[in-house]
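This report describes selected features of a structure, shown below.

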Amino acid sequence: MKRRTPAALLAGALLLAGCGAQVEGGAAARTVTVKRCGQEVEYTTPRRAVVYEGGSADKMFALGLTQHVHGYVMPPANPPVTESPWAAEYAKVKFLSDDLLNRELVVDAKADFVVAGWRSGFSDQRGITPEILDGLKIQSFMHTESCFNYPGYPERVTPFEALYTDLERLGKIFGVEAKARELIAGYRKRVEAVQARAPKGEPVPVFLYDSGTDKPFTAGSQVPPTDIIRFAGGRNVFGDLDARWGEVTWEAVVEAKPEVIVILDYGDKPAAEKIRFLKEFPTTSKLPAVVNNRFHVLDYNEGISGPRNIDGLEGFAKYLRELRT
């Protein structure tokens with residue numbers, strides 16, 4: 001076995017330190033080129049990651065990368081981490097904030113890697129973008145699901161394929177490619193099993209209600225609920241909206257005549273309140289889904305890009321199958 005000289009070890013440590021990493025035991029640097037949206041970026045194995053929202057943390061934990069995570073930022077919309085399948089992993093890392101991601105927080109945490117989405121964590125307005133972090137020698141990674149309108153380096157991938165892409169890319173960055181392949185294969189198999197049992201015939205028209213009273217906020221083509229609905233045998237009535245999430249009108253909802261309404265359940269905006277509003281609001285009270293009490297609750301972390309998308313798909317698919325029995 002070839003031994004590294006002290007000088008070589010020192011050089012590796014300096015390279016890691018240059019991007020803000022905390023080097024443990026003089027570990028040598030490992031660099032790899034991976035896409036960040038459509039941009040080729042060279043990464044050095046991160047040691048002190050900050051992750052934003054449950055989807056980012058879940059991807060890291062599912063890949064077995066807890067030891068590389070320094071802490072997480074979890075805004076109020078996210079349900080309690082104690083309810084997560086990875087609750088034990090959350091307990092091993094630091095809770096940094098329940099606010100939006102910001103540059104000061106990342107710098108104070110001495111992060112060497114930040115995982116978030118474009119305009120969902122990263123933001124021009126709040127002064128925390130991959131470009132800004134590059135200038136601070138802090139590496140960053142964006143959810144592929146959010147890349148379709150990333151300035152300069154857009155990348156358009158269907159939502160579930162974006163999840164698989166993220167696991168593959170993170171696996172490469174951290175040198176756990178085999179684990180990534182194993183996860184992806186397992187998730188694909190579960191999706192195929194759902195598709196094989198999906199109700200036959202015309203897809204059920206489905207409206208996802210995120211929030212909003214004056215105007216409803218819903219899921220467009222670029223977010224996981226559209227694939228969840230599609231793979232389960234339904235049709236997102238706003239699936240042609242070229243966006244992640246966006247406002248529509250109540251008139252458009254009425255015109256779409258949804259037979260099922262999926263409610264996105266926030267930590268700070270419970271599903272029960274949203275269902276009560278839809279039943280009491282005159283404009284929606286006569287919708288087929290409301291009249292027939294056809295509501296399905298989707299957990300927040302099943303609706304944003306992350307491993308729990310597969311759980312969300314299986315849960316909704318079971319609901320649709322039971323409607324047909």
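## The open sheet

In this predicted model, four strands form an open sheet in the order β11-β9-β13-β14, with parallel pairing. Strands (E, at least two residues) and helices (H or I, at least four) are DSSP runs numbered from the N terminus, and two strands pair if DSSP finds at least two bridges between them. The edges are β11 (234-236) and β14 (295-299), each of which pairs on one side only. On average, neighbouring strands of the sheet are turned by 35° against each other, direction ignored.

Five parallel bridges join β13 (residues 260-265) to β14. L264 has L298 in β14 as its bridge partner.

## Helices across the strands

Helix α10 (residues 271-280) lies across β9 (204-209), β13 and β14, and runs at about 145° to β13. Helix α13 (residues 308-323) lies across β9, β11, β13 and β14, at about 170° to β14. Contact means heavy atoms within 4.5 Å; axes are lines fitted to C-alpha atoms, for helices over the stretch in contact, and angles run from 0 to 180 degrees between N-to-C directions.

V107 is found in helix α4 (residues 103-108). With a relative accessibility of 41%, V107 counts as partly exposed, a class between buried (under 20%) and exposed (over 50%), using a 1.4 Å probe and protein chains only.

## Basis of the values

Residues are numbered from 1 along each chain as its sequence is written, and side-chain values use heavy atoms, without hydrogens and water. Local features need pLDDT of at least 70 and side-chain atom pairs count only at pLDDT 80 or more, whereas totals for chains, interfaces and linings use all residues.
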